[in-house]
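Good morning, and thank you for the time.

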Amino acid sequence: MSADRIVKIGLIGAGERGAGVMVGSYLKIKGWQLTALCDKYEPRVKKAFDRIGDSAIRCYTDHARMLKEADIEAVVIAVEPENNVALVCDALAAGKHVMCDVPLTFTLEDCWKAIVAVERSGGLKFQMGEQMRYAPWIQAWKKMNQEGTLGKILFVEGQYFHGIGDGAYWLDAETGQSLTNAQAANNPRARKSRLWTLEHPIWYLPHELSPILNVLDDRVETVSCMATRKHSYHFEWFDHSDVEVALMHTEKDTLLRLATGFIVPNITPCHWYHIMGTKGRVETNRYENEPMKMWLAGSYLRNPAALNWEFDPTTTPKEALTSGHGGVDYWAMATFLESIREDKKPAMDIYQAVEAAAPAIMAGRSAESGGQVLNVPDFRPNAKRQPGKMPVK
Ligand SMILES: NC(=O)c1ccc[n+]([C@@H]2O[C@H](COP(=O)([O-])OP(=O)(O)OC[C@H]3O[C@@H](n4cnc5c(N)ncnc54)[C@H](O)[C@@H]3O)[C@@H](O)[C@H]2O)c1
């Protein structure tokens, strides 16, 4: 298999993310071709087709037909998280490599289904398309951790607060246009967007946990979580908690304190991270125009050093630097292509995907019971579970 051949790919899910990341970031990457496009929602297929502007692309509203007929070696899936795993399994069963956007799923059952499907696929690549794990500070901190610069990492904090305004909760079923809550009232064409199935904000934690686990090279073992009331204080008509906060303990004995919320207005940056080790601390900025910080024990620093970790513009591809989410969107797709062409392990494989998803799912469960401490299963094959087999209950 030639390492520089063109990889033909189909997109399933032409919503805001699917179409947006294609046009904004992925199509600028060399070495692949988008040959097929699918959304069960026809106006969205048409809109994405027009936006991409390549008349050779085949359009579908039925993913099974696309998997059967289209000239594709791989698929990129960007649908609602609760629909991801069924499509992942169908694509693998059809012999296609898969990259799936984040979060993988909202159920543990799906975690197992996805793992077993990948294990049974005979070496097809599964890449989780979580991109914050490629952020320059995450890469720098991973290297610092590998070199022992921070000593033993004891405590990590993270938060992902993204104030999603009125206008993202309803869609017009015919046109695909977004509607405000007032516009949706008494509108027979109004249908709920994916935000309604995000029953716990903490279920979106994989976007925050994936980079942290990338730095730590670790997995979460136990989880406890608490939530504000199951009814937003900001949008009176929305029956979800505004904020959920989880405490987690990892296999390597690190404590994590992680918070998520997607309703209450907030300013960028949406993500924030802080790491404390026995030899020092690092932290990203909570607000724009503030620096990131680092303090090392024994360094004669009375105050933390203000600095910014950034991609090196002289060595980083231009299409990476200009890609979405501040230059990180490029990496999930670029490393997926690399794994296919060079037959390498994907940068975020199925085990890493469920190790980011399952603690979030368990945290949601814990919040429902007022903070009960729950154990996260070990998803890797072991003496009790052979690859390709479901766990024995
Ligand atoms: N990585 C990131 O930064 C990032 C950013 C935004 C969204 N996302 C993720 O991307 C995914 C999509 O988000 P979005 O905002 O575009 O959602 P969306 O609801 O706007 O779009 C999802 C689309 O998937 C389509 N779909 C669902 N099931 C399908 C099927 N079986 N066949 C064909 N099409 C199907 C729907 O019709 C819809 O058009 C979500 O999982 C979300 O969590 C990730």
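What follows is an account of the domains, the sheets, a helix pair and the ligand shell.

This is a predicted model, in which local features need pLDDT of at least 70, side-chain atom pairs count only at pLDDT 80 or more, and totals for chains, interfaces and linings use all residues. Residues are numbered from 1 along each chain as its sequence is written.

I begin with the domains. The protein chain is divided into domain 1 (7-131) and domain 2 (133-314 + 350-375), with bounds that come from an automatic or database domain assignment. Their C-alpha centres lie 25 Å apart. Where they meet, 21 residues of domain 1 are in contact with 21 residues of domain 2; contact here requires C-beta atoms, placed from the backbone, within 7 Å. On the domain 1 side, the elements that give two or more residues are α2, α5 (108-119) and β6. Helices (H or I, at least four residues) and strands (E, at least two) are DSSP runs, numbered from the N terminus. The most comes from α5, with five residues. By class, this side of domain 1 has 13 nonpolar, three polar and five charged residues. For these classes, Ala, Val, Leu, Ile, Met, Phe, Trp, Tyr, Cys and Pro count as nonpolar, Asp, Glu, Lys and Arg as charged, and the others, Gly among them, as polar.

I turn to the sheets. In what order do the six strands of the open sheet stand? The order is β3-β2-β1-β4-β5-β6, with parallel pairing; two strands pair if DSSP finds at least two bridges between them. Because β3 (58-60) and β6 (126-128) each have a single partner strand, they stand at the edges, and one side of each is left without a neighbour in the sheet. From one strand to the next, the twist averages 25°. Strand β5 (residues 97-100) pairs with β6 over three bridges, and M99 has Q127 of β6 as its bridge partner. Helix α2 (residues 42-52) lies across β2 (32-38) and β3, at about 155° to β2. Axes are lines fitted to C-alpha atoms, for helices over the stretch in contact, and angles run from 0 to 180 degrees between N-to-C directions.

Next, a helix pair. Helix α6 (residues 136-147) and helix α8 (residues 206-216) pack at about 30°, with axes 7 Å apart. That makes α6 roughly parallel to α8, a label for angles under 35 degrees. The contact involves I138, W141, K142 and N145 of α6, and P211, N214, V215 and L216 of α8. These residues divide into five nonpolar, two polar and one charged.

Finally, the ligand. Of the 26 residues around it, G13, G15, R17, V79 and D101 come nearest; a residue is near a molecule if its C-beta atom, placed from the backbone, lies within 6 Å of it. Helices α1 (16-24) and α4 (81-93) each supply at least two residues of the shell. The shell comprises 10 nonpolar, eight polar and eight charged residues.

Methods:
Angles under 35 degrees count as roughly parallel, over 145 as roughly antiparallel, 65 to 115 as roughly perpendicular and the rest as oblique. Two residues are in contact if their C-beta atoms, placed from the backbone, lie within 7 Å.
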